[in-house]
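Work through the exercises below with the model in view. Each task is followed by its solution.

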Amino acid sequence: MSVYDLKAGESAEIININITGGASARLKSLGIIAGKRVTVLAFSLFKSSVLIGCGAVRLGIRKSLAQLIEVG
C-alpha cells in the first residue's frame, strides 16, 4: 500500500521509500523517512498530486512519487 492509496485525512507509518537520487535526499532532509507517521492532507483536482504532512512538515508531491512511498 502506498501514500497515494490512503484517503484524505488518513495516516499511516512509512515502511519503505523506493525513491533514489535528488528526490530521496530531499525527502530525507525534510524528515520523511521510514518509521515516521505520514498523513494525507489533501489531493489536487484529478488526484495528480498529494499534500502530505509528516511531523511539522507539509509537502506537496507528485502522484508518481506518492506511489513509491510504502505505508502500513
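**Exercise 1: the core**

Find the largest nonpolar core and the residues with the most contacts inside it.

Solution. The largest nonpolar core has 19 residues. Val3, Ile32, Val50, Ile52, Ile61, Ile69 and Val71 have the most contacts inside it. Such a core is a set of buried Ala, Val, Leu, Ile, Met, Phe, Trp, Tyr and Cys residues joined through side-chain atoms within 4.5 Å. Next, the elements: those giving two or more residues include strand 1 (11-17), strand 2 (37-43) and helix 2 (63-66). Strand 3 gives the most, with three residues. Helices (H or I, at least four residues) and strands (E, at least two) are DSSP runs, numbered from the N terminus.

A note on the source: this is a predicted model, where local features need pLDDT of at least 70 and side-chain atom pairs count only at pLDDT 80 or more, while totals for chains, interfaces and linings use all residues. Residues are numbered from 1 along each chain as its sequence is written, and side-chain values use heavy atoms, with hydrogens and water left out.

**Exercise 2: the aromatic pair**

Describe the pair formed by Tyr4 and Phe43.

Solution. The whole structure holds one aromatic pair (ring centres of Phe, Tyr or Trp, its six-membered ring, within 6.5 Å). Tyr4 and Phe43 sit edge-to-face (planes over 60 degrees apart). Their centres are 5.8 Å apart, with 90 degrees between the planes. Tyr4 lies in the segment before strand 1 and Phe43 in strand 2, so the pair ties together parts 39 residues apart in sequence.

Key
Buried < 20%, exposed > 50% of the residue type's maximum accessible area, 1.4 Å probe, protein only. Phe/Tyr/Trp six-rings, centres within 6.5 Å; stacked < 30°, edge-to-face > 60°.
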